[in-house]
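Please take a moment with the sequence and the structure before reading on.

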Amino acid sequence: MYQREHFQLKETIVTILADRAEWIDVAKAEIFASRLIIENYISAHPFFKVTMEAYDADENAPPLIQRMIWAGNTFDIGPMSAVAGTIAEAAVIKMKEAGAVFALVDNGGDIAIYNAGSEPAVVGIYAGSSSVQNTGFLIEPADGILGICTSSGTVGPSVSFGIADAAIIFSENVSLGDAAATALGNALKEEGAENIEKALLVVSDVDGIDGAVLIQGNDIGFAGKVPRLVKANVDYDIITKG
């Protein structure tokens, strides 16, 4: 049975799962440290926080900041598009290094998961009022960390310029996955299966993006390699949300 904790630090609201309670404390400490790095950088570079366009590379910035800049620039969007996934990934990396066999941080729908156990895990899909209900992805055990990042124009407080109920990205680079989910969600401006197919082209040929799912109303589109869909009991009350 996994240990679970809902944790909030300022604007960062996460759900943390681990095979032992002590790894949750490791994650919380790393979330604090990551936020401090980001806040300090923003204090010195306020434009970093507000720009929605590519940000000039800064070789003097901390590595965490450089990852955010690179991820956003890959899609010509601002570095804060990668903030949630970057924090989630940093926390899971520390949990893994500390000895966790299973570690998951869900930062408002941007998930980093490490599952080195013997059983697969199921990550549920929440796509608002779309027709995709009580469905999840089967995540097989693996040696590395996987990012499952989601953006939505109809669910949650995140900024999106599109109408997707859920734009979902799978990537071993969680920072990149977070920015890609934002870009994918932004790309869907109109309803219809043909528009979903066009929007998926934004991410389908990007190095580091393993797969993508785009959901809007009754329509769903896939690109790349996507984990198997399975039935799941998606409990809205335990979904990480602001």
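Predicted model: local features only at pLDDT ≥ 70, side-chain atom pairs only at ≥ 80, totals over all residues.

**Strand S9 and its partners**
- Strand S9 covers residues 211–216, and six of its six residues are buried.
- Strand S8 (residues 166–171) pairs with S9 in the antiparallel sense over five bridges, and Phe170 stands opposite Gly211 in S9.
- Strand S10 (residues 219–224) also pairs with S9 in the antiparallel sense, here over six bridges, with Asp219 in S10 as the bridge partner of Gln216.
- S9 and S10 form a hairpin with two residues between them, and Gly217 in that turn has a positive phi of about 60 degrees.

**The open sheet S5-S6-S11**
- Three strands in the order S5-S6-S11 form an open sheet with antiparallel pairing.
- Strand S5 (121–124) and strand S11 (229–231) stand at the edges with a single partner strand each, so one side of each is left without a neighbour in the sheet.
- Neighbouring strands of this sheet are turned against each other by 45 degrees on average, direction ignored.
- Strand S6 (residues 135–139) pairs with S11 over three bridges in the antiparallel sense, and the bridge partner of Phe137 in S11 is Leu229.

**Helix H5**
- Helix H5 (residues 174–187) has 14 residues and reaches 20 Å from its first C-alpha to its last, close to the 20 Å expected at 1.5 Å a residue.
- H5 is mostly covered, with 13 of its 14 residues buried.
- The N-terminal end of H5 is capped by Asn173, which has a side-chain oxygen 3.2 Å from the backbone nitrogen of Ser175.

Key: Residues numbered from 1 in each chain as written. Heavy atoms only, no water. Pairing = 2+ DSSP bridges. Helix = DSSP H or I, 4+ residues; strand = E, 2+ residues; numbered from the N terminus. Axes fitted to C-alpha atoms, helices over the stretch in contact; angles between N-to-C directions. Expected span 1.5 Å × (residues − 1). Buried < 20%, exposed > 50% of the residue type's maximum accessible area, 1.4 Å probe, protein only. Polar contact = N/O pair within 3.5 Å; in protein donor to acceptor, adjacent residues only side chain to side chain.
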